[in-house]
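User: I want to learn how to read a few features of a model. Can you take me through them?

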Amino acid sequence: MNRLRNPWVLPLSLAAALLLGLLPLPGVLQPLRPYWLALVLTYWLLETPDRVGLGSAFLLGLLADLAFGSVLGEQALRLVVLAFILERFRARLRFFPMSQQALTLAVLLFNDRVLAALIHLLAGLPQPPWTVWLAPLLGMLLWPPLHLLLDTLRLRRRG
């Protein structure tokens, strides 16, 4: 059952996630930046799989590659892998308690970091500092409030 009452929340939340990824941060905090696109995409993949899927993840990743100036296809591949895993285990993940969802998301974000490091290694690009491995933990901590915020926006009645 699709309970999307505010159809504008989906595109605006993905655009906001893209903008949060572009927001400049001090050099010390830059490696700790959560992967906002992955967090928001995870929410939509779990809640409205009929509207967001592998194709959306790929297109969003290509857009992010262009916006961030990264290797073309890097974020597209990372988001498609995330989307595939989430679609595969969606039925279980949706009914996990929030704490287990957050832990699972931390593992998925850690997997994303491994994939990014592998892509950089194969492309001959320099590896980011070790502190980027802390970003999945920050994503785990941000998951419950982000989920609550997006749920509130998505399910709020207009009127």
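User: Where is Gly-55 found?

Analyst: First, the ground rules. This is a predicted model, where local features need pLDDT of at least 70, side-chain atom pairs count only at pLDDT 80 or more, and totals for chains, interfaces and linings use all residues. Residues are numbered from 1 along each chain as its sequence is written, and side-chain values use heavy atoms, without hydrogens and water. Helices are DSSP runs (H or I, at least four residues), numbered from the N terminus. Gly-55 is in helix H3.

User: Is Gly-55 buried, partly exposed or exposed?

Analyst: Buried means under 20% relative accessible area, exposed over 50%, partly exposed in between (1.4 Å probe, protein chains only). Gly-55 has 44% relative accessibility, so Gly-55 counts as partly exposed.

User: Which residues of H1 are buried?

Analyst: In H1, they are Val-9, Leu-10, Ser-13, Leu-14, Ala-17 and Leu-18. The buried residues of H1 pack against H2 (36-47), H3 (54-68) and H6 (135-155). Contact here means heavy atoms within 4.5 Å.

User: What class of residue lines the largest pocket?

Analyst: Nonpolar covers Ala, Val, Leu, Ile, Met, Phe, Trp, Tyr, Cys and Pro; charged covers Asp, Glu, Lys and Arg; the others, Gly among them, are polar. The lining of the largest pocket has 16 nonpolar, six polar and five charged residues.

User: Which helix gives the largest share of that lining?

Analyst: H5 does, with six residues.

Conventions
Helix = DSSP H or I, 4+ residues; strand = E, 2+ residues; numbered from the N terminus.
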